[in-house]
Amino acid sequence: MNPHQRVTASDARRQSKTSSRCVAESATVTHDFEVAGYSRLRALGIGQYVSSGTFSAGGHDWAIRVYPRQHGNVIDHYEPPLFYAGASLQLRDAAGAGTTAEVTARFTLSLLQKDGGVSPMARRAMTAAFGAPPRDNHGFHKLLADATSLQKWRCLHNDALTIRCVLTVVRTTDPVPPPELAGHLGSLLATGMGADVTFDVGGRAFPAHRALLAARSPVFRAELFGHMMEKDARRIRIAGVRPEIFELLLHFIYTDSLPGDGEGCDAATLQHLLVAADRYGVDRLKHICEGKLRASADEKTVASMLALAERHNCPRLRDVCLAIQMSIAI
């Protein structure tokens with residue numbers, strides 16, 4: 001049995017009944033997790049657990065996990081999350097998409113006695129930094145004990161016990177902002193601020209920045225900083241490229257992406273853009289265009305796409321076109 005396996009809902013129903021109750025006081029949240037039918041949980045394997053309901057604190061979702069499995073006194077080879085005879089606190093929303101925040105929390109886990117008091121024999125406290133898995137789960141070994149000891153501590157009554165969590169979220173570290181370089185360079189292209197060269201393409205003017213173009217394209221590097229005639233020119237005329245295609249080319253050179261990930265580009269636009277990318281040595285853009293064309297190739301476009309693939313050394317597109325032609329011939 002997988003030691004990290006969580007007990008399914010159907011398994012939990014067969015093994016025990018659980019309930020949750022949450023009391024919030026000021027900045028501290030107290031959550032009591034009642035585990036009924038405790039003796040039946042001995043069938044669970046090492047690392048398996050039952051979980052409380054979800055409760056909120058500090059703008060985050062949390063849950064208590066109980067690991068009933070006893071395993072003698074040998075614990076050296078059991079590390080979180082393989083708690084044994086213990087319990088833990090889990091940050092439930094740590095695995096959310098794009099979540100990189102670190103949450104520092106101070107918490108105690110303890111067993112309640114029959115009269116509702118905290119047992120002095122079963123109380124643990126910790127301050128921990130919670131983050132993405134596996135750092136979403138912190139807790140303690142040996143919080144629990146065998147049934148005889150639990151009854152002696154007055155913590156097991158009618159085969160049920162209650163674990164209390166007192167939780168205070170101390171600090172939430174803001175996630176690192178997403179990368180901004182592409183957006184900043186895109187704004188630089190859009191505003192033309194600091195531009196030191198202008199391209200005339202089909203009657204449209206495109207201000208740009210020599211150093212950035214040279215860093216991204218070996219052809220622009222040769223034209224603008226090599227021995228070619230354009231190296232000292234402030235305006236350069238570009239022939240053989242449509243203005244809308246050159247605009248997409250510049251956008252990719254500055255931002256390493258196409259507007260809308262290229263979803264708005266039809267097959268004809270992608271073919272022209274592939275030609276421009278090949279002309280200026282922007283290999284990643286050429287690869288992206290080839291991939292999108294492969295996905296759109298069909299009986300109507302296979303001839304033109306095959307010719308394109310042969311002229312511009314696109315083996316993946318060529319193979320798809322040949323396969324389509326073979327299927328037509330059969």
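1. Start where two helices meet. His287, Glu290, Gly291, Leu293 and Arg294 in α8 are in contact with Pro315, Arg316, Leu317 and Val320 in α10. By class, this contact has 4 nonpolar, 2 polar and 3 charged residues. Keep in mind that the model is predicted.

2. Now the geometry of that pair. Two packed helices are described by the angle between their axes and the distance between the axes. Helix α8 covers residues 283-296, and helix α10 covers residues 315-329. Their axes lie 9 Å apart, at an angle of about 10°. Angles under 35 degrees count as roughly parallel, so α8 and α10 are roughly parallel to each other.

3. Next, the largest nonpolar core. This core has 43 residues. Phe199, Leu213, Phe246, Leu249 and Leu285 touch the most other members. Helix α6, residues 243-255, gives the largest share of this core, with 8 residues.

4. Look at Leu249 in detail. Set aside its neighbours within four places in sequence. Leu249 is then in contact with Leu273, Ala276, Ala277, Tyr280, Val282 and Leu285.

5. There is a second, separate core. This one has 36 residues, including Ala57, Val103, Ala128 and Trp153.

6. Finish with a strand pair. Strand β7, residues 102-112, is mostly covered, with 9 of its 11 residues buried. Strand β8 spans residues 118-130 and runs antiparallel to β7. The two are joined by 9 bridges. Val103 has Phe130 in β8 as its bridge partner.

Technical notes: Residues numbered from 1 in each chain as written. Predicted model: local features only at pLDDT ≥ 70, side-chain atom pairs only at ≥ 80, totals over all residues. Heavy atoms only, no water. Core = buried A, V, L, I, M, F, W, Y, C linked by side-chain atoms within 4.5 Å. Buried < 20%, exposed > 50% of the residue type's maximum accessible area, 1.4 Å probe, protein only. Helix = DSSP H or I, 4+ residues; strand = E, 2+ residues; numbered from the N terminus. Contact = heavy atoms within 4.5 Å. Axes fitted to C-alpha atoms, helices over the stretch in contact; angles between N-to-C directions. Parallel < 35°, antiparallel > 145°, perpendicular 65-115°, else oblique. Nonpolar A, V, L, I, M, F, W, Y, C, P; charged D, E, K, R; others polar. Pairing = 2+ DSSP bridges.
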